[in-house]
Amino acid sequence: MPMDPMPDLSALSLAEIARMAADQKLPPIDRWNPMHCGDSQMRIARDGTWYHQGTPIAREAMVRLFSTILRREGDGSYVLVTPVEKLDILVEDTPFIAVEMKAEGSGPAQTLTFRLNTGDLVIAGPEQPLRFTEGDDGPRPYLTVRGGMDALVARSVYYELANLAIEDGETPPGVWSKGAFFAMEQTVAARGHA
């Protein structure tokens with residue numbers, strides 16, 4: 001079954017984005033508890049590239065499909081899970097990258113929508129917050145996606161967030177989405193995650 005093409009955020013209204021985000025159907029992986037079967041020999045690199053046996057997975061549709069069966073376990077590890085098997089997968093930082101952003105509105109009425117490298121749409125807000133940490137390479141913004149999994153916000157998208165924060169003139173600098181304010185400074189809770 002072919003997958004739908006990735007959405008172009010710039011061409012979508014907020015209502016269309018909200019409908020598409022709500023329509024994203026994922027398998028019920030939280031209800032699947034098969035026996036652990038070993039290692040998938042897969043890895044998700046820091047830049048979001050998926051590898052199998054050391055070779056990048058070139059087919060975008062395969063990456064998108066695998067991303068729908070990815071689950072984070074209670075101990076922080078990641079697995080690919082189906083009704084009949086569970087395989088370990090190495091995730092170097094986060095399993096997703098937020099590669100595009102659309103802002104609509106301003107101040108507390110602003111809504112920020114992100115498109116992930118897998119085509120998923122995520123609207124930042126109280127249930128899916130943004131947080132900012134400091135890494136060796138500078139600020140590292142993260143967006144909560146689902147099931148304890150995050151997306152690293154791509155550097156170019158981070159610059160868009162920084163511009164919004166400067167335009168809003170908030171102190172401390174930050175951005176609004178769905179009525180929640182996300183300060184762009186590292187928080188005490190975020191310091192443990194890098």
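## Helix α3 and the six-stranded sheet

Helix α3 lies across β7, β8, β10, β11 and β12, and runs at about 30 degrees to β7. Axes here are lines fitted to C-alpha atoms, for helices over the stretch in contact, and angles run from 0 to 180 degrees between N-to-C directions. Helices (H or I, at least four residues) and strands (E, at least two) are DSSP runs numbered from the N terminus.

The model is predicted: local features need pLDDT of at least 70, side-chain atom pairs count only at pLDDT 80 or more, and totals for chains, interfaces and linings use all residues. Residues are numbered from 1 along each chain as its sequence is written, and side-chain values use heavy atoms, with hydrogens and water left out.

### The chain as a whole

The protein chain has three helices and 14 strands. Of its 194 residues, 45% count as buried, where buried means under 20% relative accessible area, exposed over 50%, and partly exposed in between (1.4 Å probe, protein chains only). The accessible surface of the protein chain comes to about 10,100 Å², and 54% of this belongs to carbon and sulfur atoms. Accessible areas come from the Shrake-Rupley method with a 1.4 Å probe; for residues, only the protein chains shown count as cover. Among contacts in the protein chain with a separation of 6 or more, 56% are between residues 24 or more positions apart; contact means heavy atoms within 4.5 Å.

### The sheet

Six strands form an open sheet of mixed pairing, in the order β9-β8-β7-β12-β11-β10. The edge strands are β9 (121-123) and β10, each of which pairs on one side only. From one strand to the next, the twist averages 40 degrees. Two strands pair if DSSP finds at least two bridges between them.

β10 and β11 form a hairpin with two residues between them. β11 is in turn joined by four bridges to strand β12 (residues 149-153), again antiparallel. This pair is also a hairpin with two residues between the strands, and Gly-147 in the turn has a positive phi of about 50 degrees.

Tyr-142 takes part in both pairings of β11: Tyr-142 is the bridge partner of Arg-131, and its bridge partner in β12 is Leu-152. Strand β11 (residues 138-146) is largely enclosed by the rest of the structure, because seven of its nine residues are buried.

### Helix α3

Helix α3 (residues 155-168) has 14 residues and reaches 20 Å from its first C-alpha to its last, close to the 20 Å expected at 1.5 Å a residue. The expected span is 1.5 Å times one less than the number of residues. The buried residues of α3 are Val-157, Tyr-158, Leu-161, Ala-162, Leu-164 and Ala-165. They cover an arc of only 160 degrees around the axis, which puts them on the same side of α3; the arc is that of the directions from the helix axis to the C-beta atoms. These buried residues pack against β7 (96-104), β8 (111-116), β10, β11, β12 and β13 (174-177).

On the other side of α3, Ile-166 and Glu-167 are exposed. Glu-160 is also in helix α3, and counts as partly exposed at 35% relative accessibility. The C-alpha atoms of Glu-160 and Ala-103 are separated by 9.4 Å, although the two residues are 57 apart along the chain. Just after α3, Gly-169 takes a positive phi of about 70 degrees.

### Strands β1, β5 and β6

β6 pairs with β1 and with β5, as tabulated below.

| Strand pair | Sense | Bridges | Bridge partners |
|---|---|---|---|
| β1 (residues 36-44) and β6 (residues 86-91) | parallel | five bridges | His-36 and Lys-86 |
| β5 (residues 78-81) and β6 | antiparallel | four bridges | Val-79 and Asp-88 |

β5 and β6 form a hairpin with four residues between them.

### Thr-68

Thr-68 is in the loop between α2 (60-67) and β4 (70-72). Its relative accessible area is 17%, so Thr-68 is buried. Leaving aside residues up to four places away in sequence, Thr-68 touches Leu-26, Pro-27, Ile-29 and Arg-146.
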